[in-house]
Amino acid sequence: MSADPTYAAEMAVLCPLVQKVGAAVLALYARGVEVDYKDAARSDPVTTADKLANQMLVEAIGRAFPDDAIVAEESEELGPARAARQSSRRVWCIDPIDGTREFLARSGHFMVMVGLAIERRAVLGVLYQPTEQRLYCGGGGDAFVQDPRGRRALRVGQQAQPQAATLAMSRTHRSPTLLRIAASLGVKKTLRAGSVGLKIAKICEQEADLYISTSDQTHEWDVCGPEAILHAAGGRVTDLQGRPLRYNDVDTHTRGGICASNGPLHAASLAAVSDVLGKGVIDD
């Protein structure tokens, strides 16, 4: 694959692919799905839609980019496969349905997400919200959203005053830790959204200015695609100590949390996180 900084060849494959996968997921959304759980507490559901989308994405990306590595949420990764992935310069991070609980709740707040990391940095993202037929793409300094209203460039807002900023938060979960961070920062306005990808997409669309996750349980596939799009739209993503996110690790968890912003709010946001958490990360 060429080193085209616009990633046009990758975009040409990924944009129609996620829309095709999204249509398949939407058909199951309408009919109903079988549900299983990955944990004894039954807090991490997986559905037949997750598995179908995962298979479609992994197979198609594997055919189109046979020399690249792939890490996908619903694909079991054994030791040799992990070692092979880590030796690859390029790795695709696949979240077949970001927001499975939202899918099951029929809220529409779920996304099909694919990200590409090169030399451990997120460089390309393609996200699709099937219920809205909304496609988000970003890479090489260009980001756009396309839906039935047409195609529009994505560019973050420049709100620099926390008191006037909008914080993207979970649609259903009220995190006490995040509420303390918001109070420390002085943020008063919030936007409720489901998946991680959707929250970060709202920053790209200037509907929100900031998203913070204090969880250590998110994974590379939850944030690679959204980070690439937000970066292309002019925003910034780091962990909660201000360090760049790195991909293609042995452990795919983003253990340091996530801070995604429009840019001007980033330093103040990290300071508020430090004020509340110190150097720890709390998953509540």
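Helices (H or I, at least four residues) and strands (E, at least two) are DSSP runs numbered from the N terminus. The model is a predicted one, in which local features need pLDDT of at least 70 and side-chain atom pairs count only at pLDDT 80 or more, whereas totals for chains, interfaces and linings use all residues. Residues are numbered from 1 along each chain as its sequence is written, and side-chain values use heavy atoms, with hydrogens and water left out.

From β7, R134, Y136 and G138 point one way and L135, C137 and G139 the other way, and all are buried. Two strands are taken to pair if DSSP finds at least two bridges between them. Strand β6 (residues 121-129) runs antiparallel to β7 and is joined to it by six bridges, with Q129 standing opposite R134; in the hairpin of these two strands, which has four residues between them, Q133 takes a positive phi near 50°. Strand β8 (residues 142-147) also pairs with β7 in the antiparallel sense, over five bridges, and L135 stands opposite Q146 in β8. The hairpin of β7 and β8 has two residues between the strands, and G140 there takes a positive phi near 65°.

A nonpolar core is a set of buried Ala, Val, Leu, Ile, Met, Phe, Trp, Tyr and Cys residues joined through side-chain atoms within 4.5 Å. The largest such core has 38 residues, and those with the most contacts inside it are Y136, L154, Y211, L230 and Y247. Helix α7 (residues 220-232) supplies the largest share of this core, seven residues. Apart from this core lies another, of 33 residues, among them A49, W92, I94 and V114.

Rings of Phe, Tyr and Trp (its six-membered ring) pair if their centres lie within 6.5 Å, planes under 30 degrees apart counting as stacked, over 60 as edge-to-face and the rest as tilted. By this rule the count comes to four aromatic pairs. The rings of F103 and F110 have their centres 5.1 Å apart and their planes at 75°, so this pair is edge-to-face; both F103 and F110 are buried, and together with Y29 they form one aromatic cluster.

Definitions and conventions: Buried means under 20% relative accessible area, exposed over 50%, partly exposed in between (1.4 Å probe, protein chains only).
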